[in-house]
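Hi everyone, thanks for coming. Let me put the structure up, and then I'll walk you through a few things in it.

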Amino acid sequence: MRLTEAQAKLLFAERNIPVPRSRLVTTPAEAEAAARELGGGDGGPARHQAMVVKGQVGSGGRGKAGGVVFVENPIGAARAAARLLGSELKGELVVAVLVEEAIDVAAEHYLSVTVDASAGRPVVMRSGRGGIEVEAMVDEIEVFPLDPVDPASTPGIADGLERSLVELFVKCDALIVEINPLAVTTGGGLVALDGKIELDDSARFRQAALHDRFDPGPAPTGSERERRAAELGLRLIELGGEVAVLANGAGLTMATMDAVVAAGGRPANFCEIGGDAYTKATPALELVLAQPGVRSLVVNFCGAFARCDVMTEGVVEAWERLRPQLPVAFSVAGTGRDAAVDLLRSRLGVEPHPSMEAAVRAAVAAAAPATTEGSEV
Amino acid sequence: MPDPLIVTRRHRVVVHGMTGRQGTFWTERMRDYGTNIVAGVSPAKGGSRHLGLPVFTSAVEAARAGGPDSGIDVSVLFVPPAGARAAAADAAQAGAHLVVVLTEFIPVADTMAMVAEAREAGTTIIGPNTAGVVNPGETFVGFMPAFDRRIFAPGSVGVVSRSGSLGTLTAVELTRAGYGQSSFLGIGGDPVSGTSTAEAVRALDGHRRTEAIVVIGEIGGRKEEEAAAVVAASDKPVVAFIAGAASPPGKRMGHAGAIVEGSTGTHDSKRRALTEAGATVVETPWQIPGALAALGVAPSGV
């Protein structure tokens, strides 16, 4: 789960990592009141103190996308909030903005703790240049590896803010905790101007209080069908093509999409029902078929842990209920294959294709616009 | 020196979580196939028997049960996420040289600690979130349909795959074209894993029965890029397929593995790295047998 900036800063403050004074609000009127309360004057030019209004989304690159607005007074804060609230930032709906005191910045640094997947250990990343996207400053980052068994015990962690950040990373089972920029103020202090935290969803079983506290995270985005899929624990990504794809496992699903492209078609979606979701073929199929523009379906099952017969039964049940007038091509192999083939023959009267290639090519051909076959000279 | 990733019939295998539903289902299939399952481990059911096998409270206990010459070589984990790290540590302490971690959704912090602790003990971990390893015609460890001869057949092509289902499909394509397999190594779909693509390719490079290597990767992470040096150093023909060419960047495809962020982990960067290392990178799984043939690899086994 990705936390918003406001949520991340709450966790920072609880570990004595300095953050600017701020208020989280959901209406322009609240934004104006918050700005006034934080010392933004009465709206006149005389007591000018700058404020920042920031849209709360989980994605990075927000500043560049116009999600951070500097204002001069409470009226400006209300205007900025009115513009940001309800808008979409980096594909996410803005439902709250953070009104924050502006800080006099002498320099911007970067500090984070994250997972180095290749090395299999957490790392501290430090840079004297912050405030820009991390990809743009790769050469200037100092990477300090942490002990993979007990990260906080690693000798060489700087005392103070860096130690607090490492402890926060460990205590909340984070995948990343990042301060970018970390401001050095004109007074010489350090303040976290922005914060990013992603919690490890797999650690929810021992972090229930923390996850419940921030659930729901950033407002869900995507189409209604994508959100519905997410609620059901399915992963659906709509892509806009005409060949719907249903497969088990992320790897096989992506490979099936690639195959649709190689065969000259366009995939309509990524829809994966592997792992624990393999019993959810019925709702998965309903969502996939409800997408506008879909003209054919390829079902590509290759059972290992997920059994073909269980997944196929779900598809057959949905098919009998929905009775879609849509060409469908099946390929089934692996665990439970023979029972799955029997199900397709007896209940749908459908013969699976002998290979993935045959099934993909059939689905792509069926989705192609009606040819002029017969009218050709 | 035999590679720890190749499980033979001589290796003594214990099943952590054997008494559960999935543990029971797959233990029977592994044993029927020829895997030398010697015991189950279940902290709550030590002292009982299941499927005609003894159940112990720990692998350490199982290893000591048969007297001074007894021991275990391999453990496979059918345990929930919260228990995986402790089970792997138990297996390592019991002397297992390989732990196959099937468990999905292990917290990353636990995986990092588990892999580091195992390495310290001289134990190799493959996984987590893997479907397992197959030594076709001899053993399999995990939940792979190895028992279906239309899928896995003995031969001389070694396969490394991050994905279980796509790896299984690859075996289907190979077997249909007459290419049996010398070994299937599922390294798992998590970003942090005990055995990297590079380490798995190195194992197959040193595996006598393996004459050609197929690498099944996917977008996200740097595993394929990091394997390029090992591919370049190998004398064996290498064919690779990287899933995700048609996947949009910035979207997480599946729960943990495949996401492209910024310029790292893209299909392009992986294809380029492997191509420059001398591998043939194909666009669809069904092109793998043809690519092997073009590299002069003759069908074998099946």
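**The sheet in chain B**

So, chain B has an open sheet of seven strands, ordered S9-S8-S11-S10-S12-S13-S14, with mixed pairing. Strands here are DSSP E runs of at least two residues, helices are H or I runs of at least four, and both are numbered from the N terminus; two strands pair if DSSP finds at least two bridges between them. At the edges sit S9 (139-142) and S14 (280-282) of chain B, each pairing on one side only. From one strand to the next, the twist averages 15°.

Quick caveat: this is a predicted model, where local features need pLDDT of at least 70 and side-chain atom pairs count only at pLDDT 80 or more, while totals for chains, interfaces and linings use all residues. Residues are numbered from 1 along each chain as its sequence is written, and chains are lettered from A and ligands numbered from 1 in the order in which they are written.

Back to the sheet: S8 (132-135) and S11 (181-186) of chain B pair antiparallel over two bridges, and Val134(B) stands opposite Phe184(B) in S11(B).

Now, Thr103(B): where is that? In the loop between strand S6 (98-101) and helix H4 (108-120) of chain B. Is Thr103(B) buried or exposed? Buried, because 27 other C-beta atoms lie within 10 Å; the cut-offs are 20 or more for buried, 12 or fewer for exposed, and partly exposed in between, with C-beta atoms placed from the backbone. Leu77(B) is 26 residues from Thr103(B) in sequence, yet 6.7 Å away in space, C-alpha to C-alpha.

Methods:
Axes are lines fitted to C-alpha atoms, for helices over the stretch in contact, and angles run from 0 to 180 degrees between N-to-C directions.
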